[in-house]
Amino acid sequence: MLHGTEWQKDFFLPKISNGEITRWSQGFSEPDAGSDLASIETRAVEDGDDYIINGQKIWNSDGAWSDWGHYLVRTDPNSPKHRGISYLCLFLERLQYYVKR
């Protein structure tokens, strides 16, 4: 892994290599943005060590079965639309969310 903190490398790499973590979802697309990532509207507001996320994602690959997810969210709504976007790695078991199949 080229990027990531030492904690992330120590935590994820052994679990991925031994098969403990096998399914990841990808939450990029949104109803009004489709695959135009610059148009995402899902917001994330920093709250201490956490983020409060509000919005909707569609076409999440393996979203209903995954333990972890890669998500793009808007963290700076005042930036131009192609900026102010952050990547979050989310532990999905801790989230309160609704999966519509």
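Let me start at Gly19, which sits just after helix H1 and takes a positive phi of about 85 degrees; please keep in mind throughout that what we are looking at is a predicted model.

The C-alpha trace spans about 40 × 35 × 25 Å along its principal axes, and of the 101 residues, 26% count as buried. If we take the contacts with a separation of 6 or more, 55% of them are accounted for by residues 24 or more positions apart.

Strand S2, residues 43–47, pairs with strand S3, residues 50–54, in the antiparallel sense, and the pairing runs over five bridges. Two residues lie between these strands, and in this hairpin Gly48 takes a positive phi near 70 degrees. Asp47 stands opposite Asp50, the latter in S3.

Now to the loops, and to a pair of charged residues. Where does Glu30 lie? Its place is the loop between strand S1, residues 24–27, and S2. Glu30 is buried, because its relative accessible area is 5%, and the cut-off for calling a residue buried is under 20%. The side chain of Glu30 reaches the backbone nitrogen of Glu41 at 2.6 Å. Leaving aside neighbours within four places in sequence, Glu30 is in contact with Ile40, Glu41, Thr42, Gln56, Lys57 and Ile58.

Lys57 is placed in the loop between S3 and strand S4, which covers residues 68–74. Is Lys57 buried or exposed? With a relative accessibility of 17%, Lys57 counts as buried. The side chain of Lys57 makes a polar contact with the side chain of Glu30, at 2.9 Å, and a polar atom of the Lys57 side chain also lies 3.3 Å from the backbone oxygen of Phe28. Again leaving aside neighbours within four places in sequence, the residues in contact with Lys57 are Gly27, Phe28, Ser29, Glu30, Ile40, Thr42, Tyr71 and Leu72. As for Val73, its C-alpha atom is separated from that of Lys57 by 9.9 Å, the two residues being 16 residues apart along the chain.

Finally, let me return to H1 by way of a pocket. The second largest pocket has a volume of about 180 Å³, and the residues that line it are Met1, His3, Gly4, Gln8, Phe12, Ile16, Trp24, His70, Tyr87 and Cys89. Which element supplies the largest share of this lining? It is H1, with three residues. Both H1 and strand S5, residues 85–91, each supply at least two residues of the lining.

Notes:
Residues numbered from 1 in each chain as written. Predicted model: local features only at pLDDT ≥ 70, side-chain atom pairs only at ≥ 80, totals over all residues. Heavy atoms only, no water. Pairing = 2+ DSSP bridges. Helix = DSSP H or I, 4+ residues; strand = E, 2+ residues; numbered from the N terminus. Buried < 20%, exposed > 50% of the residue type's maximum accessible area, 1.4 Å probe, protein only. Polar contact = N/O pair within 3.5 Å; in protein donor to acceptor, adjacent residues only side chain to side chain. Contact = heavy atoms within 4.5 Å. 1 Å grid on protein atoms, 1.4 Å probe; cavity = no way out; pocket = protein on both sides within 12 Å on 5 of 7 lines; lining within 4 Å. Points joined across faces, edges and corners; volume = space filled by probe spheres on them.
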